[in-house]
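Let's take a look at this protein together, one part at a time. Have the sequence and the model open while you read.

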Amino acid sequence: MEKITSRQDRSQLLPLFLTFLKIGAFTFGGGYAMIPLIQREAGERRGWITEDELVEITAIAESTPGPIAVNTATFTGYQVCGVPGALLATVGVVLPAFAVIVLVSSALSFFSGNQIVKYAFMGVRAGVLALIVKAVVRMYRQCPKNALSYVIMAGVFIAAGFLNVSALLLILLCALLGLFFTLRKRGERG
C-alpha cells in the first residue's frame, strides 16, 4: 500500500473517521489496548503510518496531556489529512466511549449488583491485559536496545512501581535524558 504523503487528500477524511470510530467501538481498556488496533488498521491495512511512525506518535501521545488513545488518533489524523483529519480521527475514537458512558451511567444502578455483569467485566479485564502486553512487546521490539536504555527502563520501573514517583515527572525526565544523549551523540559525530 502506498503511504499518503499529502495532507490535502480530503478523500481520506471519511475512511479516517470510520476507521477510528471502529477502533474506538471495539477496544476496551484504554489507549494502550488500542495501539495494536491502530497499528493494524492505520498502518498495515490503510498504509497511513509506518511502524516507526506509530512508535514516534505513541511516544508523543504519552508525553502530551490527555488520554493516549485520543492523542494517538489526533496525531495519526493530522499525519493523514492535517487539521481536519486530526479532528475527525479524534471525534471518531471518542464517540463510541462517550455513547457507552451515557448508556451505562443511565443504567448503572440497575446493573451494579448483577453477578453476571461483574463476571463479564472480569473477562474484559483479562482481555485488556493481553492487549496491553502485546503493545508493550511490540514497542519493546522497536526501541533501541543498549545499556543506557535498560538502565533508564529499570529506573523508571522502580521509581513508578515502588517509590510512587509521579508519572509526569518520569516522562519529563526520560524526555530530557533522551534529548541530552541524542544531542551528545550528534555532537560526537559532527
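## Starting with Arg40

Arg40 is partly exposed, with a relative accessible area of 41%. Here buried means under 20% relative accessible area, exposed means over 50%, and partly exposed is anything in between, using a 1.4 Å probe and counting protein chains only.

Before going on, some ground rules. This is a predicted model, in which local features need pLDDT of at least 70 and side-chain atom pairs count only at pLDDT 80 or more, while totals for chains, interfaces and linings use all residues. Residues are numbered from 1 along each chain as its sequence is written, and side-chain values use heavy atoms, with hydrogens and water left out.

## The whole protein

How many helices and strands are there in the protein? There are 7 helices and 0 strands, so from the N terminus on the elements simply read α-α-α-α-α-α-α. Helices (H or I, at least four residues) and strands (E, at least two) are DSSP runs, numbered from the N terminus. The C-alpha atoms fill a box of roughly 65 × 50 × 25 Å, taken along the principal axes.

Of the 190 residues, 27% count as buried. The accessible surface comes to about 12300 Å², and 71% of that belongs to carbon and sulfur atoms; these areas come from the Shrake-Rupley method with a 1.4 Å probe, and for residues only the protein chains shown count as cover. Now take the contacts (heavy atoms within 4.5 Å) that have a separation of 6 or more: residues 24 or more positions apart account for 62% of them.

A salt bridge is a side-chain nitrogen of Lys or Arg within 4 Å of a carboxyl oxygen of Asp or Glu. By that rule, the count is 5 salt bridges. The general idea is that side chains of opposite charge can pair when their charged atoms come close.

Leaving out residues up to four places away in sequence, Glu41 touches Thr19, Lys22, Ile23 and Arg46. One partner is Lys22, whose side chain meets that of Glu41 in a salt bridge (3.1 Å, N to O). This pair links distant parts of the chain: Glu41 sits in helix α2 (residues 31-45) and Lys22 in helix α1 (residues 13-25), 19 residues apart. Lys22 counts as partly exposed, at 34% relative accessibility.

Glu41 also forms a salt bridge with Arg40 (3.5 Å, N to O). Then there's Arg45, which pairs with Glu41 in the same way, as a salt bridge (3.1 Å, N to O). Arg45 and Glu41 are 4 residues apart in helix α2, so about one helical turn separates them. Put together, salt bridges that share partners join Lys22, Arg40, Glu41 and Arg45 into one network.

## A nonpolar patch

Which residues make the nonpolar surface patch of about 520 Å²? They are Leu87, Val91, Val94, Leu95, Phe98 and Val102. Patches are made of residues with over 30% relative accessible area and no salt bridge; like charges are joined within 9 Å, and nonpolar side chains (Val, Leu, Ile, Met, Phe, Trp, Tyr) within 5 Å. Take Val94: you'll find it in helix α4 (residues 68-111), and it is partly exposed, with a relative accessible area of 34%.

## Lys145 in a loop

Lys145 lies in the loop between α5 (115-142) and α6 (147-161), and at 42% relative accessibility it counts as partly exposed. Setting aside residues up to four places away in sequence, Lys145 touches Tyr140 and Tyr150.

Lys145 also has polar contacts (N or O atoms within 3.5 Å; within protein, one must be able to donate a hydrogen and the other to accept it, and residues adjacent in sequence count only if both atoms are side-chain atoms). Its side chain reaches the backbone oxygen of Tyr140 at 2.8 Å, and a polar atom of that side chain lies 3.1 Å from the backbone oxygen of Arg141.

At the start of α7, a side-chain oxygen of Ser166 reaches to within 3.3 Å of the backbone nitrogen of Leu168.
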